[in-house]
Amino acid sequence: FPVTITTLSSVDRMLVAHHPHKMKNENKHIAQFAKDAELRCFSGGVELRSEGEGDEMNKWVEGKGIVFNTWTSINTPYGSYREMILPSAVEGCDMSDIVSCRNHSLDLLCSRTTGKADDLSIAVGQNEVTYRYLPKNKCAEALRDDIELGFIKGSSFIFKADPEKGSIWERVEAGGKTEVRRTIVKIDKIYEMGGASKQDGA
């Protein structure tokens with residue numbers, strides 16, 4: 001099929017990206033970080049990793065916060081679109097003082113970046129951005145237990161894209177179907193990465 005790609009106008013972008021979140025409680029959590037922050041969730045992004053032996057064995061929480069070069073469906077009250085984050089989007093990104101929460105709520109704080117080896121740490125790889133920490137408080141221990149039980153399977157992250165140059169919006173037409181696509185090319189700040197009940201998209 002012939003493929004037609006059109007760059008969207010600012011008006012078109014507003015129709016699909018006014019606020020890519022549905023639930024009021026999620027909006028509240030996101031607003032705790034920044035006015036223009038965005039939330040993304042996906043399945044299969046969190047697990048436990050055991051290290052040590054016997055009484056010295058510890059179970060770390062490990063997860064994928066961002067997966068690069070993968071199209072994800074984003075549903076909003078104003079329409080849907082497909083989104084992909086480029087690896088270069090996190091170059092120069094502010095990753096200071098990131099927190100890890102359960103279901104992205106600051107009321108359920110599990111860990112944060114403090115510089116200590118067993119607190120939240122963030123690693124940028126070729127295909128993804130990952131996080132890990134050793135549970136130390138009751139909230140983190142409860143999350144660890146729910147991951148082990150299979151009740152928590154997803155990950156989420158909260159971020160803010162560069163408002164001027166952070167995204168490329170396009171309308172792609174092929175085979176009689178039209179799809180709106182957003183490529184995130186620059187993230188200014190990552191606020192949170194953690195385990196989440198909700199999965200897939202925003």
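Over how many bridges do β9 and strand β10 pair? They pair over 4 bridges, in the antiparallel sense. The legends below start from that pair. This is a predicted model, in which local features need pLDDT of at least 70 and side-chain atom pairs count only at pLDDT 80 or more, while totals for chains, interfaces and linings use all residues. Residues are numbered from 1 along each chain as its sequence is written, and side-chain values use heavy atoms, with hydrogens and water left out.

**View 1. An open sheet is built from 4 strands.** Follow the order β3-β4-β10-β9, where the pairing is antiparallel. Strands are DSSP runs (E, at least two residues), numbered from the N terminus, as are helices (H or I, at least four residues); two strands pair if DSSP finds at least two bridges between them. β3 (46-51) and β9 (121-124) stand at the edges with a single partner strand each, so one side of each has no neighbour in the sheet. From one strand to the next, the twist averages 25 degrees. Look also for S121, whose bridge partner in β10 (residues 128-133) is R132.

**View 2. Helix α3 lies across β3, β4 and β10.** This helix spans residues 138-149 and runs at about 100 degrees to β3. Axes here are lines fitted to C-alpha atoms, for helices over the stretch in contact (heavy atoms within 4.5 Å), and angles run from 0 to 180 degrees between N-to-C directions.

**View 3. The largest nonpolar core has 26 residues.** A nonpolar core is a set of buried Ala, Val, Leu, Ile, Met, Phe, Trp, Tyr and Cys residues joined through side-chain atoms within 4.5 Å. Buried means under 20% relative accessible area, exposed over 50%, and partly exposed in between (1.4 Å probe, protein chains only). I66, I85, Y133 and I187 have the most contacts inside this core. β4, β10, α3, β11 (154-161) and β14 (187-196) each give two or more residues to it, and α3 gives the most, with 4 residues. Leaving aside neighbours within four places in sequence, Y133 touches residues including W60, L120 and L143. A second, separate core of 9 residues includes F33, C41, C101 and I158.

View 4. A disulfide is a pair of cysteine sulfur atoms within 2.5 Å. For C101, the nearest cysteine sulfur is that of C110, 6.8 Å away. C101 is buried, with a relative accessible area of 0%. For C139, the nearest cysteine sulfur is again that of C110, 3.6 Å away; C139 counts as buried at 18% relative accessibility.
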